[in-house]
Amino acid sequence: MSRLASILRRWLEPLGPGLPAVYLVGGAVRDHLLGRESKDIDLMCADPQALAHALEAVHDAALVSFLNKPDTPCLRVVNRADTADFLDLVPVHGSGVADDLGRRDFTINAMAIAVGDGGALGELIDPLGGRRDLRDCLIRAAGPDAMTSDPLRVIRAARFSAELGFEIESATRQRMAGAADRVAAVAAERIVRELFLTLQQPDSASLVRVLDETGALPAVFPEIAPMRGCSQNEHHHLNVWDHSLEALEKLEGLLASLPNRFEPVTDRLRANLERENRLPVLKLAVLFHDAGKPESRSVASETGRVTFYGHDAAGSRIAEGIAARLKFSVRDRELFGGLIADH
């Protein structure tokens, strides 16, 4: 029995026969079909409140209510003895299951599996061809309005592409570009979460370029525009922004070759970078390590020599502004600004 089946059986079997229509939905279905473990198990039903109270009655469980997605109420049923053991219960939106799935972000997340008595997994419901896109390793928008209905999905597309190693389908890239200017209006906490999840992946640099090309990254970071327009001196062959993108690629290449370069301390380095948000903050600091160059750029009248004196301090101040705007934690803010100040 799979871990997923075991979890569903443990939670649902005590309810006995006659379980109302319940469906496993979203990422749990995707991960199940890929043979991956899923932390978040979403169950969709007509009355999440009733199912939550039924589960609470037969388990030593607590109920937590929160907004899982914009305007999507979610009830979390949490095992009091193990808070990492929980189910999320969400309502059916629209006229039925197929309509609900059509409102989701990507086809690979727009599938459902009927759940029977005792937590038994039944029929796959796949109206948008998500299983085919899993097979073809494609990130495809669930519908023409997927990005505009929640612009954060522009960054989520990059995150899933990095996490799964999938290509973003061409029409979906166009939809990302069409919604990119709306990303900045999304709550800062949501932006940072998706961005950090993307930067956690070993090959995030290619997806950062996608976000840059679609316009999503400049929308979130207006600091990029002056960097892109700032040429450098004879020691650099790229403008400040392209140099920063290349630096991120070089960093990821270095991280991929840690055993070859830092054999005695490889494990310690990895453990250090895996703590908290250190890896994504490091990568973000690499992207903005020269953010202070545009305002620090000077050209000597006698020689024409280009200099950037004080750009480290200016960059640290700019980093403070970014961190404040995106509501970084104090710890992440200090690391971000400190790396840039001392780069």
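Predicted model: local features only at pLDDT ≥ 70, side-chain atom pairs only at ≥ 80, totals over all residues.
Helices here are DSSP runs of H or I, at least four residues long, numbered from the N terminus.

Start at a loop. K327 sits between α18 (311–325) and α19 (330–341). Its phi is near 60 degrees, a positive value in a residue other than glycine. Most residues other than glycine have a negative phi.

C230 is another cysteine, and it is buried at 5%.

V183 has 0% relative accessibility, so it counts as buried. Which residues does V183 touch, leaving out those up to four places away in sequence? They are P151, V154, I155, I191, A216 and V220. L15 lies 168 residues from V183 along the chain, and the two C-alpha atoms are separated by 43 Å.

Now turn to the interior. In soluble globular proteins, nonpolar side chains tend to be buried together. The largest nonpolar core in this model has 90 residues. Those that touch the most other members are L24, L43, L89, F221, L284, F288 and F336. Helix α7 (residues 153–164) supplies the largest share of this core, with seven residues. Another core lies apart from it and has nine residues, including Y23, M44, L101 and A112.

F288 shows how contacts reach across the sequence. Residues up to four places away are again set aside. F288 then touches F221, E223, I224, M227, W241, I322, F336 and I340. Two of these names, F221 and F336, also stand in the list of core residues that touch the most other members.

W241 leads on to a helix pair. It is one of the α13 residues that make the contact with α16. Helix α13 covers residues 240–256 and helix α16 covers residues 278–287. The two pack at an angle of about 145 degrees, and their axes are 8 Å apart. From α13, the contact uses W241, S244, L245, A247, L248, L251, E252 and L255. From α16, it uses L279, L282, K283, V286 and L287. By class, this contact has 10 nonpolar, one polar and two charged residues.

Finally, follow the strands. Strand β2 (residues 42–45) pairs with strand β1 (residues 22–25) in the antiparallel sense, over four bridges. One of the bridges links V25 to D42 of β2. Strand β2 is also joined to strand β5 (residues 86–91) by four bridges, and these two run parallel. There, M44 has V90 of β5 as its bridge partner.

Which residues of β2 point one way, and which the other? D42 and M44 point one way, L43 and C45 the other, and all are buried. L43 is a member of the largest core, whereas M44 belongs to the core of nine residues.

Note on methods: Residues numbered from 1 in each chain as written. Heavy atoms only, no water. Axes fitted to C-alpha atoms, helices over the stretch in contact; angles between N-to-C directions. Contact = heavy atoms within 4.5 Å. Nonpolar A, V, L, I, M, F, W, Y, C, P; charged D, E, K, R; others polar. Buried < 20%, exposed > 50% of the residue type's maximum accessible area, 1.4 Å probe, protein only. Core = buried A, V, L, I, M, F, W, Y, C linked by side-chain atoms within 4.5 Å. Pairing = 2+ DSSP bridges.
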